[in-house]
Amino acid sequence: MDVDVDHYNVLGLPSGEEGAKFSEKEISKAYRVKALELHPDKRPDDPLAHANFQKLKTSYEILKDEKARKLFDDLLRVKREQFHRKAQYDVKRKRMVSDLEERERAANAPDPASKAREEEERIAKKLKEEISRIREMHSNKGASGPRKEATRTRKESVGSSGGVLNKEKILKVSWEMNGEDYSAERLREMFEKFGEVEDVVIKSSRKKGSALVVMASKEAAVAATGNTCGHISNPLLVLPLQPAVAMEFHQRSMEPRPLSNLVGAGYQSFEESVLKKLQKAAEKQK
């Protein structure tokens, strides 16, 4: 006999606590009704008709016997209790698993206070970077402003048409841009050998570099005119901005006199002649 068979269900009756309350007469009545339904003569085409009918008879014999029925009712009761315990255990187990997962999520979840501190530190860091950038920008503007102002002042002082500056103290310096280049600081160092230098203004183009050197005295300008040649790879051409000969010419009478070679067209010829001589000297030394 299969212990898993519910004999009450085989007879078409409800099982469990309700089945245990049926009387012997009710069980017999249920058997007769089910026997008429499952009799093999009523089911000639069913190959399992005989086996099902035997199963029905066996279930009826067990339920009709008082001792066997009591044992069967006890078995059903134990199964029910076991099922309820298992169901309760599953519920508790699911609850425990759910609580454990919730605790793990809470443990792995970021702390709100820690997250707020990290956000505060991030914003504070970005703010410091922006403040440093703004300070550096203002610092660069403040440094470039005085330099531009000084350069503009020097240009205005040299190019002023007020006649305050003595042009005999100004030297015109020129050089080619394909060789050694000259900065204002370097020109100042070279011309300070002949006297104090008040100012140096660079006026360069793409092809030719030039500068105006303002000496402190006329004598220093005259001394530097014929004694400064610069680097041998790119010699300097040094000429007075306003030669003394030209000034004397304007101060003398209108009596015709031959002009100096440093005035007018001769001035340019003299400049080119000196430049060629310096370049030849440089080529001989190579």
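Trainee: Which residues in α2 meet α3?
Mentor: This is a predicted model, to begin with. In it, E24, I27, S28, Y31, K34, A35 and L38 of α2 meet α3. On the α3 side, the residues are A49, N52, F53, L56, K57, Y60, L63 and K64.

Trainee: How many of those are nonpolar, polar or charged?
Mentor: The contact of α2 with α3 has nine nonpolar residues, two polar ones and four charged ones.

Trainee: And at what angle do α2 and α3 pack?
Mentor: About 175 degrees, with the axes 10 Å apart. Angles over 145 degrees count as roughly antiparallel, so α2 is roughly antiparallel to α3. For orientation, α2 covers residues 24-38 and α3 covers residues 49-64.

Trainee: What about L36, is that buried or exposed?
Mentor: L36 lies in helix α2. L36 has a relative accessible area of 59%, and the cut-off for exposed is over 50%, so L36 is exposed. Its C-alpha atom is separated by 9.7 Å from that of F53, 17 residues apart along the chain.

Trainee: Change of topic. What order do the strands have in the sheet?
Mentor: The order is β2-β3-β1-β6, in an open sheet of four strands with antiparallel pairing. The edge strands, β2 (197-202) and β6 (237-240), each pair on one side only. Neighbouring strands are turned by 20 degrees against each other on average, direction ignored.

Trainee: How many bridges are there between β1 and β3?
Mentor: Seven, linking residues 170-176 of β1 with residues 208-215 of β3 in the antiparallel sense. K172 stands opposite L212 in β3.

Trainee: Which helices lie across those strands?
Mentor: Helix α6, residues 184-191, lies across β1, β2, β3 and β6, and runs at about 145 degrees to β2. Helix α7, residues 218-225, lies across β1, β3 and β6, and runs at about 145 degrees to β6.

Trainee: Which residues of α6 are buried?
Mentor: L187, M190 and F191. They cover an arc of only 90 degrees around the axis, so they sit on the same side of α6.

Trainee: What do the buried residues of α6 pack against?
Mentor: They pack against β1, β2, β3, α7, β4 (230-231) and β6. On the other side of α6, E185 and E189 are exposed.

Notes
Residues numbered from 1 in each chain as written. Predicted model: local features only at pLDDT ≥ 70, side-chain atom pairs only at ≥ 80, totals over all residues. Heavy atoms only, no water. Pairing = 2+ DSSP bridges. Helix = DSSP H or I, 4+ residues; strand = E, 2+ residues; numbered from the N terminus. Axes fitted to C-alpha atoms, helices over the stretch in contact; angles between N-to-C directions. Contact = heavy atoms within 4.5 Å. Buried < 20%, exposed > 50% of the residue type's maximum accessible area, 1.4 Å probe, protein only. Arc of directions from axis to C-beta. Parallel < 35°, antiparallel > 145°, perpendicular 65-115°, else oblique. Nonpolar A, V, L, I, M, F, W, Y, C, P; charged D, E, K, R; others polar.
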